[in-house]
Amino acid sequence: ELLQAKQDLQDLLIAREEQEDLLRKRERELTALKGALKEEVSSHDQEMDKLKEQYDAELQALRESVEEATKVKNAEERTPYCLFCDDDSDSSELVASLSPKPY
C-alpha cells in the first residue's frame, strides 16, 4: 500500500511537472503572439497615418483647385464679353458697329 501510494505520488509529480512545462510553453507562445500583434498594430497604425496624411494632402490640393477654379470662373464672369465695348455691351454690338453701312 505504501509503495502504491508512493508510486501514485510520483505519477502525480510527473504529471504536475508536465502540466507546468506545458503551461510555460503556452505562456511563451502567448508572449510571442502578443509581441507579433503589437508589431502588426504598430505597422497598421503607421500605414493608417501615412494614408491619412496622403488623404489630407490630396483633399487640400482638391480644395485649392476648386478655390482656384472658382476664382477663375468669378473673374471670367466679371470680365466683359467685349474688351473694346462698354461694360454693358457685348461683342455683337461691336461687330454691328464695324459692319459696312448700307447706302
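1. A salt bridge, as the term is used in this note, is a side-chain nitrogen of Lys or Arg within 4 Å of a carboxyl oxygen of Asp or Glu. R16 and E20 are joined by such a contact between their side chains, with an N to O distance of 3.2 Å.

2. The structure is a predicted model, in which local features need pLDDT of at least 70 and side-chain atom pairs count only at pLDDT 80 or more, while totals for chains, interfaces and linings use all residues. Residues are numbered from 1 along each chain as its sequence is written, and side-chain values use heavy atoms, with hydrogens and water left out.

3. The protein has 2 helices and 0 strands. Both terms refer to DSSP runs (helices: H or I, at least four residues; strands: E, at least two), numbered from the N terminus. Helix 1 covers residues 2-78.

4. Of the 103 residues of the protein, 3% count as buried. Here buried means under 20% relative accessible area, exposed means over 50%, and partly exposed lies in between (1.4 Å probe, protein chains only). The protein exposes about 10,100 Å², of which carbon and sulfur atoms supply 56%. Accessible areas come from the Shrake-Rupley method with a 1.4 Å probe; for residues, only the protein chains shown count as cover.

5. The pair R16 and E20 lies within helix 1, its members 4 residues apart, or about one turn of the helix. R16 counts as exposed because its relative accessibility is 54%. E20, at 31% relative accessibility, counts as partly exposed.

6. In a further salt bridge, the closest N and O atoms of R24 and D21 are 2.4 Å apart. These two residues also belong to helix 1, with a spacing of 3 residues, about one turn of the helix. R24 is partly exposed, its relative accessible area being 39%. D21 likewise counts as partly exposed, at 38% relative accessibility.

7. How far apart are D56 and K52 in helix 1? They are 4 residues apart, and are therefore separated by about one helical turn. Their side chains meet in a salt bridge at 3.1 Å, N to O. D56 has a relative accessible area of 34% and so is partly exposed.
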